[in-house]
Amino acid sequence: MAATILQLNELKTHFYIDGAVVPAVDGVSFSIRRGETLGIVGESGSGKSVTALSILRLVDAPGKIVGGKVLLEGTDLLKCSKQEMRKIRGSKISMIFQEPMSSLNPLFRIRDQIGEAIGLHQAVTRREAREKAVEMLRLVGIPSPESRANNFPHQMSGGMQQRIMIAMALSCRPLVMIADEPTTALDVTIQAQILHLMDQLKNDFGTAIMYITHDLGVVAKVSQNVAVMYAGKIVEYAGVYDLFDYPAHPYTRALLESIPRGNKTDPGNQRLKVISGTVPNLLHLPAGCSFYPRCGDRFEICAREAPVEVEMKPGQYVRCWKYNHG
């Protein structure tokens, strides 16, 4: 079995707003091994992106990491100095954001932006950094990389911009790559190409990938394990096959039931199932289980006490009173 690269232990990140505390990440624990993709899924506001930013220690005020550990090959990143974290970001952990145009500088050529990332973490000359930038563009499938390296971001399509972000993220061969919904704004053809590229690069370099998305179809394609988040907590963690074949948490089942499914006998008469209610306000969470107001399997205890995590079977964990009730 491959070695564990990244491990989170009871990570907590809170936001302090008008005297109130918002538990955006509330005791999140998981691990990722070398060459593995962990899918993080959940509705907007579930804490997926804040978890990623917490790993990189990029949470700005009024947010603050208040507890837990983030272990990268055994080193707790929460105890590293700011200078040490600057060295780690981009070299050992890199991140691909949802909107590449918000991350690429419109005033600089592509070669200079990738070259800057390389030069920041590697002892190379400016010329060597630019040459490696062209090499990375070729690696991620950019046509005519020598000439494209001289382009500005606005001269590239959305799919090519995202490939550039992947090239930058991989330029220093990181141990972990965090992808925060990197294909959301792309059409399905480009999305498939990006997913195939990331999978290929993961296999070639052994990079561990944390893939954040709300798209369960993407999760099924790229992930080996999946963490389902709701209201700042992981409510279910399982291997991808177990999650899709034997979902345990009512929220996981509701997410899967909301996926459009083809019907050969009557394709035009399909009604999508929806999850009743709304995502809870983190300022006013229910006293017990956060999913209690929307759950069809609830017990009386669910309104009073938060469920503890139980192991359904090896590798599958769930927070639900249904499995340790009575």
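## Two residues with positive phi

In this predicted model, the loop between strand E7 (176-180) and H7 holds Glu-181. Glu-181 is not a glycine, yet its phi is positive, at about 45°. How exposed or buried is Glu-181? With 11% relative accessibility, Glu-181 counts as buried, because the cut-off for that word is under 20% relative accessible area.

A positive phi also turns up at Arg-57, again a residue other than glycine, with a value near 55°. You will find Arg-57 in the loop between H1 and E4. Its relative accessible area is 25%, so Arg-57 is partly exposed.

## A cis peptide bond

Stay with the loop between helix H1 (48-55) and strand E4 (63-72), because Pro-62 has its place there too. The peptide bond that joins Ala-61 and Pro-62 is cis, with omega at about 15°.

## Helix H3 and its cover

Which residues of H3 are buried? They are Ile-110, Gln-113, Ile-114, Gly-115 and Ile-118.

## Cysteines without disulfides

How many disulfides does the structure hold? The count is zero. Cys-295 is in no disulfide, and the nearest cysteine sulfur, that of Cys-320, is 6.1 Å away. Cys-295 counts as buried, at 12% relative accessibility.

Cys-302 is likewise in no disulfide. For Cys-302 the nearest cysteine sulfur belongs to Cys-289, 6.0 Å away. Cys-302 counts as buried as well, at 7% relative accessibility.

## The largest cavity

The model has two cavities of 30 Å³ or more, and the largest has a volume of about 80 Å³. By class, the lining of the largest cavity is made of nine nonpolar, one polar and three charged residues.

## The second largest cavity

About 60 Å³ of space lies in the second largest cavity. Its lining consists of Thr-37, Leu-195, Met-198, Asp-199, Lys-202, Ile-209, Tyr-211 and Val-222. Sorted by class, these are five nonpolar, one polar and two charged residues.

Which element gives the most to this lining? Helix H7 does, with four residues. Helix H7 (188-205) and strand E8 (208-212) each supply at least two residues of the lining. H7 is also one end of the loop where this report began, the one that holds Glu-181.

Notes: Residues numbered from 1 in each chain as written. Predicted model: local features only at pLDDT ≥ 70, side-chain atom pairs only at ≥ 80, totals over all residues. Heavy atoms only, no water. Disulfide = S-S within 2.5 Å. Buried < 20%, exposed > 50% of the residue type's maximum accessible area, 1.4 Å probe, protein only. 1 Å grid on protein atoms, 1.4 Å probe; cavity = no way out; pocket = protein on both sides within 12 Å on 5 of 7 lines; lining within 4 Å. Points joined across faces, edges and corners; volume = space filled by probe spheres on them. Nonpolar A, V, L, I, M, F, W, Y, C, P; charged D, E, K, R; others polar.
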